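Subject: Handover of the model

Hello,

Here is the structure I promised to pass on. Please open it first, then read my notes below.

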Amino acid sequence: IKFMQRGLDLETKKQLEEEEKKIISEEHWYLDLPELKEKECFIIEEQSFSLCEDLLYGRMSFRGFNPEVEKLMLQMNAKNKVEEVEDEAVELDVSDEEMARRYETLVGTIGKKFAKKRDRASYEEDENGHIKPTVKVKKMFLKPQ
Amino acid sequence: MAEAGGITTESVAGDRARAARTMLDQVVLPGEELLLPEQEDAEGPGGAGERPLRLNAGTRSRGRVVCGPGLRRSGDRLLVTKCGRLRHKEPGGGSSGGGVYWVDSQQKRYVPVKGDHVIGIVTAKSGDIFKVDVGGSEPASLSYLAFEGATKRNRPNVQVGDLIYGQFVVANKDMEPEMVCIDSCGRASGMGVIGQDGLLFKVTLGLIRKLLAPDCEILQEVGKLYPLEIVFGMNGRIWVKAKTIQQTLILANILEACEHMTADQRKQIFSRLAES
């Protein structure tokens, strides 16, 4: 009995496939139109003005009102003009003070990850969102007197 | 001649397709058809199959022409859909041929365009997304994960009524616009919630483009007055902030009025301000 066999041989497989294809192709609907070839078009439509006019970056700051925005202005407008920014080489070096600061807050953040739910509440945050590492007081056994 | 061909085929419609090259910086009206430079040459004299020799190889290779805002493609030609001045920009690289044509029109109503940086106002917070009003027909959606350093646990601090500077990732006529405050590398690069205080006001879209042009004198003069911060949204919204309320208001008035002032009037006003 063929249907219980684990695998059909190649020949029977091919025959079954062909029968299926025949059935499908007869029932398949298709359009009886000649094949239309799309003309190669050389015109691309774009709705954005940024491609047409070289507009500057939208955020601006003057006379040092917002130093981060001023830095951004230099970066983004330089990108448009494809100028080499050589300041990046200097910024790659991290000063020792910054390293020390980072590690101070890192201890708190990683510590929070492994703290139990009750201890998590004891981690406080200062203004910048940096986690202050607090010294945990371990509860020792008090001998009854 | 291109024009004769235009008349015989389109005499019914009454249109004459003109060469785009001749209409640069002139006013065009919706419904006009424009021919691109390559097409005129093919239909010109000697169009018995011979191509006239060209000395500059750039125009021979039929590069891709980009039709910008205000123009649509109709067959091989450009169809004007907005009234304004026709502008053209040559390709900078040289290899991507054809250049860009667009219509410099004026309007107040903004239609979201993919890639535009806009200022939006958060109107609602529903589940995982914020609804942001950008001045279009629908409020745009902004996912809370689309901020720098945002994770499911670490949600951004955005309240209803906040101002957001972001860009569109999805903006077409069939779908609700979606915006993000993050660029393709995952960095904020200036986008996100705009800080406290300051003043938001609305201007026409043409003025924004005029102020953001690379050689804008108005901004250079404004920058010399006093320390200030400005954010321009392509949807016609400008946010300004200065040290005192009076300075902020003066700045807002200048930016609104400079659209209709001549250069001389502007210089007068600036000199008066510099004195006081």
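The notes cover chain B, then its interface with chain A, then one cysteine.

Keep in mind that this is a predicted model.

Chain B on its own: the secondary structure comes to 7 helices and 17 strands. Chain B has 276 residues, and 45% of them count as buried. Among its contacts with a separation of 6 or more, 61% link residues 24 or more positions apart. The accessible surface is about 15,000 Å². Carbon and sulfur atoms hold 52% of that surface.

Interface with chain A: 46 residues of chain B are in contact with 27 residues of chain A. About 3,500 Å² is buried between the two chains, and carbon and sulfur atoms give 61% of this area. The rule finds 3 salt bridges across the interface. One of them joins E53(A) to R209(B), with the closest N and O atoms 3.4 Å apart. The largest share, 5 residues, comes from β16(B). By class, the chain B side has 26 nonpolar, 5 polar and 15 charged residues.

The cysteine: C216(B) sits in the loop between α4 (205-211) and α5 (217-223) of chain B. Is C216(B) buried or exposed? Its relative accessibility is 9%, so C216(B) counts as buried, the cut-off being under 20%. Leaving out residues up to four places away in sequence, C216(B) touches K210(B) and L211(B).

Best wishes

How values were computed. Residues are numbered from 1 along each chain as its sequence is written. Chains are lettered from A and ligands numbered from 1 in the order in which they are written. This is a predicted model: local features need pLDDT of at least 70, side-chain atom pairs count only at pLDDT 80 or more; totals for chains, interfaces and linings use all residues. Side-chain values use heavy atoms; hydrogens and water are left out. Helices (H or I, at least four residues) and strands (E, at least two) are DSSP runs, numbered from the N terminus. Buried means under 20% relative accessible area, exposed over 50%, partly exposed in between (1.4 Å probe, protein chains only). Contact means heavy atoms within 4.5 Å. Accessible areas come from the Shrake-Rupley method with a 1.4 Å probe; for residues, only the protein chains shown count as cover. Buried area is the accessible area (1.4 Å probe) that two parts lose on being put together, summed over both. A salt bridge is a side-chain nitrogen of Lys or Arg within 4 Å of a carboxyl oxygen of Asp or Glu. Ala, Val, Leu, Ile, Met, Phe, Trp, Tyr, Cys and Pro count as nonpolar, Asp, Glu, Lys and Arg as charged, and the others, Gly among them, as polar.
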